[in-house]
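I opened my notebook to look up a few things in one structure. Here is what I looked at.

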Amino acid sequence: MLLGMICALASSVCFGAASVLQAMGARATTPGTGGGVDIALMWRVLRQWRYLAGLCADGLGFVLQIVALRTLPIYVVGAALAASLAVTAVIASRVLRVRLSRVEWTAVGVVCAGLALLALASGKEGHEEGPGWLPWALLASAFGVLLLGVVGGRLPAKPRALVLGLGAGFGFGVVEVAVRLIDGIDLADPVWYALLVGGGAAFVLLTSALQRGSVTTATAGAVLGETVGPAIIGVVWLGDTTREGLGWLAVTGFAIAVAGSLTLARFGEPPETEGRPTETGPATTAGAEGAGAGGAGTGSAPGPASGPGHDHGTGPDRGDDGS
């Protein structure tokens, strides 16, 4: 269990660092002309070296995530992955000298406290295979994520980021559950196809959401989508448990960790270019008077951005159409 927890935390560090590189690459890429999900966007961002570096970090994080999912309950791993938002916030404050508000520093501490409670209360990973329909339900959910992307990409600007973010979170959640259900290489097993389709769809949706809409909204939707559903599936059908008498502590720790992560959801914004106008007013420069951790139009300091690997950077939110 100790190895699993170390791997879960290490994967969140990888995802948190990768998110900064990925969103910077995504936002530096020329957006498409349509309003829907831009499939060709993935080909364009692959020309950005920052995005490629982020993918490498994501790959390492995914390997560590697999190890963690095979040794820990899903609810623990899900909360640890959401904590990558806190990792990105800390990186932004130290490396890029982005100023965090007291509330955000408190949220970082809250995330750590929630993970500590989960570590104390979590039991052994469940070894149940779940009902026979679960693999097929996962596959249907993976294709449902693709459909949600098609529909969500055509919505008005405000709800679009939330729908695409939630869809990406559902896709990542499919991957989490699929990893637990995989038992050897069997091309006839629908779980493998659910993993591939769900993971691929999640990357496309989150990349589009981060480039085209409010980063805070998209990130919050992704965090909710990838944590709550898989945690419930793990407890109800896969046999995930807590230590005897500590179920309440696990629920509390999970809720605290996720709530703290949602507070840090704005950490997905790329740095503003000096002198570049924003949709809410003229751009500010790093170190300008009034720079801080505020929202759009408040003169926030420029900060990192995040991407489809799970998360987050800093700076003011983009406008609702985000382009």
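My entries follow, one topic at a time.

**Entry 1: the overall picture**

I began by noting that this is a predicted model. The chain has 11 helices and zero strands. Read along the sequence, the pattern is α-α-α-α-α-α-α-α-α-α-α. Next I looked up burial. Of the chain's 323 residues, 53% count as buried.

**Entry 2: helix α4 and its neighbours**

I turned to helix α4, which covers residues 74-82. How many of the residues of α4 are buried? I found that nine of its nine residues are, and α4 is mostly covered. The buried residues in α4 include I74, Y75 and V76 at one end of the list. G78 and L81 are also among them.

I then looked up how α4 packs on helix α6, residues 102-121. The angle is about 165°, and the axes are 10 Å apart. Angles over 145 degrees count as roughly antiparallel, so α4 is roughly antiparallel to α6. The crossing of α4 past α6 is left-handed.

I did likewise for α4 and α8. Here the angle is about 140°, with the axes 11 Å apart. That makes α4 oblique to α8. In this pair, α4 passes α8 in a right-handed crossing.

**Entry 3: helix α5**

I moved on to helix α5, residues 84-94. Is α5 largely enclosed or largely open, and why? Eight of its 11 residues are buried, so α5 is largely enclosed by the rest of the structure. I wrote down the buried ones: S84, L85, A86, V87, T88, A89, A92 and S93.

**Entry 4: α10 and α11**

I looked up one further helix pair. Helices α10 and α11 pack at an angle of about 165°. Their axes are 10 Å apart. That makes α10 roughly antiparallel to α11. Their crossing is right-handed.

**Entry 5: the salt bridges**

How many salt bridges does the structure hold? I found two.

One joins the side chains of E104 and R266, at 2.3 Å from N to O. This pair links distant parts of the chain. E104 is in helix α6, while R266 is in the segment after α11 (247-263). They are 162 residues apart. I checked burial for both partners. The cut-off for buried is under 20% relative accessible area. E104 has 6% relative accessibility, so E104 counts as buried. R266 has a relative accessible area of 11%, so R266 is buried too.

The other salt bridge is between R180 and D240. Their closest N and O atoms are 3.0 Å apart. This pair also links distant parts of the chain, 60 residues apart. R180 sits in helix α8, and D240 sits in the loop between α10 (215-236) and α11. R180 is buried, because its relative accessible area is 9%. D240 is buried as well, because its relative accessible area is 4%.

**Entry 6: D189, a charge without a salt bridge**

I looked up D189 next. Where is D189 placed? I found it in the loop between α8 (157-181) and α9 (190-212). D189 is buried, yet it has no salt bridge. The nearest side chain of opposite charge is R70, and R70 is 9.4 Å away. A salt bridge needs the charged atoms within 4 Å. I also looked for what the side chain of D189 does reach. It reaches the backbone nitrogen of V191, at 3.0 Å.

G59 lies in helix α3, residues 49-69. Is G59 buried or partly exposed? Its relative accessibility is 34%, so G59 counts as partly exposed.

V151 lies in helix α7, residues 134-152. V151 is partly exposed, because its relative accessible area is 46%. I then looked up V151 and L164. They are 13 residues apart in sequence. In space they are 9.1 Å apart, C-alpha to C-alpha.

Methods:
Residues are numbered from 1 along each chain as its sequence is written. This is a predicted model: local features need pLDDT of at least 70, side-chain atom pairs count only at pLDDT 80 or more; totals for chains, interfaces and linings use all residues. Side-chain values use heavy atoms; hydrogens and water are left out. Helices (H or I, at least four residues) and strands (E, at least two) are DSSP runs, numbered from the N terminus. Buried means under 20% relative accessible area, exposed over 50%, partly exposed in between (1.4 Å probe, protein chains only). Lys and Arg count as positive and Asp and Glu as negative; His and the chain ends are not counted. A polar contact is a pair of N or O atoms within 3.5 Å; within protein, one must be able to donate a hydrogen and the other to accept it, and residues adjacent in sequence count only if both atoms are side-chain atoms. Axes are lines fitted to C-alpha atoms, for helices over the stretch in contact, and angles run from 0 to 180 degrees between N-to-C directions. Angles under 35 degrees count as roughly parallel, over 145 as roughly antiparallel, 65 to 115 as roughly perpendicular and the rest as oblique. A crossing is left-handed if the near helix is turned anticlockwise from the far one by less than a right angle, and right-handed if clockwise.
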